[in-house]
Amino acid sequence: MRDETYFPPLRERDDINDIRERLSYVGEIVRDYALAELRRQSAASLSVVTSESPSDKIYAIDSTVEETLLSTLESELEPAISFALICEGINDELPLPFPRHYHAADCSARLIIDPIDGTRPIMYNKRSAWWLAGLAPNRGDETRLSDIDVAVQVEIPTTRALYAD
């Protein structure tokens, strides 16, 4: 059973559209970076397993976007809202606070990201993948997907998406 502590919905914030736009921009930066890596590297190098988490295998293509994702979140989203990041491959155990000097419990939101949903098809340049993000009021460990007030989905297309077969 969830506790009855009130967590104000993020959607009631005056700056929610700014936050949504910032989150979309982060997704676009990750998309552009992933596309550049698809053009630069071979499928063989992008499909190397770099690590395994309790939830999934982490491939080279996943690892390549991590640094870009973290620095873009810091420069683009952190000025608008404090958040604790939960992201596959980056921090499977503890939420990562932004700003970094905060404790995760003190952040006003939790940000759940799958940097590349559909890794296997995109690393072989076969089918689009998606950058997915959801922002919810920070309820600590009680935060659930159903708490998400802002969600963003950005397509990561194949390198030949503008062509027809």
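Reply: Cysteine 87 is buried, at a relative accessible area of 2% (buried means under 20%, exposed over 50%, partly exposed in between, with a 1.4 Å probe and protein chains only). The model is predicted: local features need pLDDT of at least 70, side-chain atom pairs count only at pLDDT 80 or more, and totals for chains, interfaces and linings use all residues. Residues are numbered from 1 along each chain as its sequence is written, and side-chain values use heavy atoms, with hydrogens and water left out.

The closest cysteine sulfur to that of cysteine 87 belongs to cysteine 107 and is 15 Å away, too far for a bond. Cysteine 107 is in no disulfide, and it too is buried, at 4% relative accessibility. The structure holds 0 disulfides, a disulfide being a pair of cysteine sulfur atoms within 2.5 Å.

As for other buried positions, leucine 77 has 0% relative accessibility and so counts as buried. Leucine 77 lies in helix α3, residues 60-77 (helices are DSSP runs of H or I, at least four residues, numbered from the N terminus). Its contacts, with residues up to four places away in sequence not counted, are Ile19, Arg22, Leu23, Thr72, Phe83 and Leu111; contact means heavy atoms within 4.5 Å. Isoleucine 19 is 58 residues from leucine 77 in sequence, yet 7.0 Å from it in space, C-alpha to C-alpha.

Threonine 119, in helix α4 (residues 119-123), is buried at 9% relative accessible area. Leaving out residues up to four places away in sequence, threonine 119 touches Tyr59, Ile61 and Asp62.

Terms used
Helices (H or I, at least four residues) and strands (E, at least two) are DSSP runs, numbered from the N terminus.
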